[in-house]
Each structure stands twice: as C-alpha cells, then as structure tokens.
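Biologist: Hi! Could you walk me through this one?
Modeller: Happy to. Here it is.

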There are 2 protein chains.
Amino acid sequence: METEAGSLYDGSCEVVAALDAIAGRWKLPILWRLAAGPVRYNELKRLVRGVTNTALTRALRELEADGLVERTEYPEVPPRVEYALSPAGRALEPSLEALVSWAGSRARGGVEVRRLAPDDDRTAPAPSTSDAGSRRTATSWRSR
Amino acid sequence: METEAGSLYDGSCEVVAALDAIAGRWKLPILWRLAAGPVRYNELKRLVRGVTNTALTRALRELEADGLVERTEYPEVPPRVEYALSPAGRALEPSLEALVSWAGSRARGGVEVRRLAPDDDRTAPAPSTSDAGSRRTATSWRSR
DNA sequence: CAGTATCCCATCCGATACTG
DNA sequence: CAGTATCGGATGGGATACTG
C-alpha cells in the first residue's frame, strides 16, 4: 500500500531510525530497570551495574530527548531526581520483556555463546551439483 | 541456583552480555530481514538499505559466530551463498516482531522524535516543599 | 545527591579498491 | 556473485576530577 515498494516492515529505513533511539550500550538495561518503576539517579547507577556517571547521564539525556523517559526534579534540600518511563517508553515494554527473556534464556546456557569451531566444515551439502558446469562458463557473469 | 543475589532479571550483567550479540547498527535490520526467510548476500545488501559490503559482512560474521544465523555456501559456478536464521536466531523472532512494530508505530508519527523543547520548564511540580528547610542543613549530606 | 567537565581510547562504520 | 583489504573519521564509552 502507500506508494513505496516494500518499506514499512521490510527491515529498512524507518525501523532503523526508530531503533537508533534505543541503540547503545546502556539504553536497554536502563529502560528495563525503569520499567519496574521510577528510580532515582544514584539508585539507577547502582542497579545498572558497570555504568559510569558519564555514560548514565548521556544515555538518560538521549532517552529523554527521544521522549522515552521522563525526568522529575524535586526541589528539596538533598537534591532528588527521579527517572521514569514516559507513556511512549511504556509502549516498548512488550519488546523489552521479549528481549530480556530471550537474553536470559541465552545467558543460562541455552546457546553456546561466541564459540568458534576450530575446524568448522562449511563447504556445504552440495545440493544437486549435477548441473554445475553446464551453467555459464566460470566468468561469464563477470562482464569485463 | 548459582549463588548470586538479584541478577537474572534485574536488568544487569547477563542481559547486557546477551544483548551485545544483537548490538550494532545493522544486526537487527538484518535479522529482521532474515526472519522472512533465507536470503542471498547481494539480495540482503539490497534489502537492508544503506548497508555497505564491509558492514554487512562484518555483521553477518558476528551473527554467525554468535550462532544466530547460518551461512550456507553452494558450490555452484556463479557462487551462491544463503543466510538464514539458526534455531537460536529464530528464538528471538518474537522480540524482533515486538521491536519492529514499536519502531513502525513510532516512525508513523506516533511520537515526535528527537524534538527538544526550546524553553522546557523542568524545575518541577514541587510536591510538598513545605518541609524544605526543616531538613538537614543544605550541605549536611556532603560529609566533608 | 545528582550531576558536569575533560581527556582518551576502542570500536564501529563508510568509502574505496581489489579478488576467487 | 560474494566477498576481502585498507584506511580514515565519527561516536560511544571509560576514567578521573570537580561542582551546585
């Protein structure tokens, strides 16, 4: 529909653009933590293990700019700031759940991660090679 | 089991590690495209718009190393190589669907993307500031 | 408490050119 | 067709130090 040949759901431009909003080392972990409820800055820093001040702040600012999280500053004497998912952010909770459950199952040894086989035989199942040779000569498709 | 207190689903380490497998500019778009069925190299390059030879190959190699996609090489005269999701890769199809549908809805103007308000008033709703001042003196929490 | 300010390095990615 | 080789530039993230 919509004029353009194959675009909306074919894994291209628009999707890529939207995906950029959650790309980055810490965005997903942060969003996932926030999905459980509002959290203060330092609490977040503790919960999302390994994140540094700089990284956390940068990620939060970007998520805020993209309308996924909301920042609420309470003018109290010991400064208090809470971060929470915005309505738009809550829209991707299903995705987060799916992703996290997948990540969890894979972390639990469901799959051997990053295990390169030393001598992986990959020259393959030779599916009806019978006609090979009858095809164009070896370089016919290489125009020049 | 595994000893550790609070870890599996709290948005930290394990999940972060697993997420790394799909992190990168092109991994998700590629996986999404592959979810629709096996595709040849150059076809993939056309479908995932904007990707370059180098980026595509690199992403594919990593996805392969992480066991998410399978590469099948057919020993024919014009070389033919097909990429497809592995069983493990198919395990994250639900996540892909959720993600893509979210990305799609947001691309369709559901949310104003990356729109910074010029003078956003963010010093906030002052929730019962009545006790401010009665709290510890301004710098009491700053130990030194 | 909740950040900023810098500096620096690693990685990612794009562009270009070449090959089995 | 399906890649590899190389290089340069942008970005993201880490470490450290300091502040309203």
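Modeller: Let's start with strand β1 (residues 39-40) of chain B, which pairs with β3(B) in the antiparallel sense over two bridges. Strands here are DSSP E runs of at least two residues, helices are H or I runs of at least four, and both are numbered from the N terminus. Two strands pair if DSSP finds at least two bridges between them.

Biologist: Before we go on, what sort of model is this?
Modeller: This is a predicted model, where local features need pLDDT of at least 70 and side-chain atom pairs count only at pLDDT 80 or more, while totals for chains, interfaces and linings use all residues. Residues are numbered from 1 along each chain as its sequence is written, chains are lettered from A and ligands numbered from 1 in the order in which they are written, and side-chain values use heavy atoms, with hydrogens and water left out.

Biologist: Thanks! Back to β3(B): which residue there is the bridge partner of R40(B)?
Modeller: That is E82(B).

Biologist: And how many bridges join β2 of chain B to β3(B)?
Modeller: Six, between antiparallel strands, with β2(B) covering residues 69-74. E73(B) stands opposite V81(B) there, and a hairpin of five residues connects β2(B) to β3(B).

Biologist: What does Y83(B) reach with its polar side-chain atom?
Modeller: A phosphate oxygen of DNA strand D, 2.7 Å away. For R58(A), a polar side-chain atom lies 3.0 Å from a base nitrogen of DNA strand D.

Biologist: Which element gives the largest share of that surface?
Modeller: α4(B), with four residues. α4 (53-65) of chain A and α3 (41-47), α4 (53-65) and β3 (80-85) of chain B each supply at least two.

Biologist: Switching to chain A, why is helix α2 described as largely enclosed?
Modeller: Because eight of the nine residues of α2(A), residues 27-35, are buried, meaning under 20% relative accessible area with a 1.4 Å probe and protein chains only. Among them are L28(A), I30(A) and W32(A).

Biologist: What follows α2(A)?
Modeller: G37(A), with a positive phi near 135°.

Conventions: Polar contact = N/O pair within 3.5 Å; in protein donor to acceptor, adjacent residues only side chain to side chain. Buried < 20%, exposed > 50% of the residue type's maximum accessible area, 1.4 Å probe, protein only.
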